[in-house]
Amino acid sequence: MSAFKSDFLRTLDERGFLHQTSDQAGLDELFLKETVTAYIGFDPTAPSLHAGGLIQIMMLHWMQQTGHQPIALMGGGTGMIGDPSFKDEARKLLTPELIVENISGIKSVFANYLNFGDGPQDALMVDNADWLMGLNYVEFLRDVGRHFSVNRMLAFDSVKTRLDREQSLSFLEFNYMILQAYDFVELNKRYGCRLQMGGSDQWGNIINGIDLGHRMDCPQLYALTSPLLTTSSGAKMGKSASGAIWLNADMLSAYDFWQYWRNSEDADIARFLKLYTTLPLDEIARLEALGGAEINEAKKILATEVTALLHGRAAAEEAAETARKTFEEGAISDNLPTITVAASELEAGIGLLALFVSAGLAGSNGEARRHVQGGAIKINDVSITDDKTLVNGGYLNDDGVIKLSLGKKKHVLVRPQ
């Protein structure tokens with residue numbers, strides 16, 4: 001039984017989102033008595049978020065579902081620096097043009113989880129470039145910088161770990177936490193925002209914002225963090241052997257996204273159902289109790305529900321059906337991921353290893369060679385044991401495509417053009 005009285009904190013607690021809060025009782029009381037506005041920041045380091053960021057998006061989703069107002073803050077300003085928290089070295093600096101392009105790509109995902117508009121519970125999407133890019137440096141140092149103790153900033157784990165390893169921390173990066181703290185104050189003044197949420201690695205940055213708010217006459221501000229998640233085997237969420245699990249459909253198909261969740265480890269199913277789907281807890285408890293081969297049904301439900309939230313129910317069910325046909329009937333589906341190759345190139349013959357790398361089924365020729373040696377590679381459902389095989393037009397099947405397979409679950413069609 002959750003110790004929280006408010007719907008929002010009780011939901012987060014029961015579903016496994018809570019790691020730390022700055023004032024548990026005070027925050028619970030605030031959610032009980034008023035419509036609370038809270039934000040999470042997203043820095044535009046790539047044109048898409050990946051599955052590791054889904055936990056933050058789901059926190060904003062539950063905020064709105066329990067009657068409160070979420071803000072998705074785009075880091076158009078802070079993205080010019082890059083968050084140094086727990087990084088071994090400075091992030092590569094992005095050009096202003098690339099930041100704008102990345103934000104444009106990132107924005108598209110949020111409408112699948114949040115309702116945007118002008119009402120008291122409608123979500124907002126704002127960009128900190130609106131206030132950070134116009135700051136006067138000397139005024140900012142005088143009005144905001146004077147509230148920060150360098151001694152205290154050096155004591156934060158995110159800074160300390162870098163310095164302990166004797167890795168340099170630039171003055172540019174050192175300013176990041178000041179700007180993030182200022183974001184919190186600015187969002188409070190503009191939108192009445194009282195809570196900042198984020199991953200547990202953001203705790204120090206968020207506490208800085210609360211402290212700055214106190215010194216700059218804001219009402220009491222609050223912090224809430226979620227645990228940093230890994231899979232049961234210790235792998236980082238949102239990454240797979242073949243790369244990042246992007247949320248944008250133009251960077252990763254709904255089918256591949258569905259497959260990522262279908263391939264979850266048994267021990268992770270209940271936890272992922274609570275965090276990444278909106279299924280009721282009693283239904284999740286029923287699925288958690290499944291054992292043996294039935295656990296695969298729970299995995300399919302997990303994959304379909306997570307994919308439906310992001311890509312829509314129709315795309316999720318199409319991905320599930322494609323998988324069923326491919327695995328249970330051995331059929332080739334047009335919905336499988338597809339790459340095209342020049343007909344002339346195929347006629348001349350393409351090296352097996354290079355083709356599997358091009359299809360995204362291996363990261364390098366060496367990795368593809370190891371898969372061949374391990375018996376994991378098939379063409380048109382036939383095992384290939386010679387890594388020097390040339391794939392040519394003779395491999396085209398009756399549908400005019402070549403089916404590449406890595407193990408039982410990863411398939412890509414090659415289509416000549």
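Student: Where is Phe110 found?

Tutor: In this predicted model, Phe110 is found in helix α4, residues 96-110.

Student: Why is Phe110 called buried?

Tutor: Its relative accessibility is 0%. Buried means under 20%. The value falls under that cut-off, so Phe110 counts as buried.

Student: Which residues is Phe110 in contact with, leaving aside its neighbours within four places in sequence?

Tutor: Among them are Phe42, Leu49, Ile57 and Met125. Contact means heavy atoms within 4.5 Å.

Student: What makes Phe42 and Phe110 an aromatic pair, and why is the pair called edge-to-face?

Tutor: The structure holds 9 aromatic pairs. For Phe42 and Phe110, the distance is 5.0 Å centre to centre. Rings pair if their centres lie within 6.5 Å, so these two qualify. The angle between their planes is 75°. Over 60 degrees counts as edge-to-face, so that label applies.

Student: Which parts of the chain does the pair link?

Tutor: Distant ones. Phe42 is in strand β2 and Phe110 is in helix α4, 68 residues apart.

Student: Why are Phe272 and Tyr276 separated by about one helical turn?

Tutor: Because they are 4 residues apart in helix α13, residues 269-276.

Student: How do you know whether Tyr276 is buried or exposed?

Tutor: Tyr276 has a relative accessible area of 2%. That is under 20%, so Tyr276 is buried.

Student: What makes Glu283 and Arg286 a salt bridge?

Tutor: Their closest N and O atoms are 3.0 Å apart. The cut-off is within 4 Å, so the pair qualifies.

Student: Why is Arg286 called partly exposed?

Tutor: Its relative accessibility is 44%.

Student: Which residues meet Asp387 in a salt bridge?

Tutor: Arg369 does, at 3.3 Å, N to O. Lys388 does as well, at 3.7 Å. Each distance is within 4 Å, so each pair is a salt bridge.

Student: Are Asp387 and Lys388 buried or exposed, and how do you know?

Tutor: Asp387 has 18% relative accessibility, which is under 20%, so Asp387 counts as buried. Lys388 has 68%, which is over 50%, so Lys388 counts as exposed.

Note on methods: Residues are numbered from 1 along each chain as its sequence is written. This is a predicted model: local features need pLDDT of at least 70, side-chain atom pairs count only at pLDDT 80 or more; totals for chains, interfaces and linings use all residues. Side-chain values use heavy atoms; hydrogens and water are left out. Helices (H or I, at least four residues) and strands (E, at least two) are DSSP runs, numbered from the N terminus. Buried means under 20% relative accessible area, exposed over 50%, partly exposed in between (1.4 Å probe, protein chains only). Rings of Phe, Tyr and Trp (its six-membered ring) pair if their centres lie within 6.5 Å; planes under 30 degrees apart count as stacked, over 60 as edge-to-face and the rest as tilted. A salt bridge is a side-chain nitrogen of Lys or Arg within 4 Å of a carboxyl oxygen of Asp or Glu.
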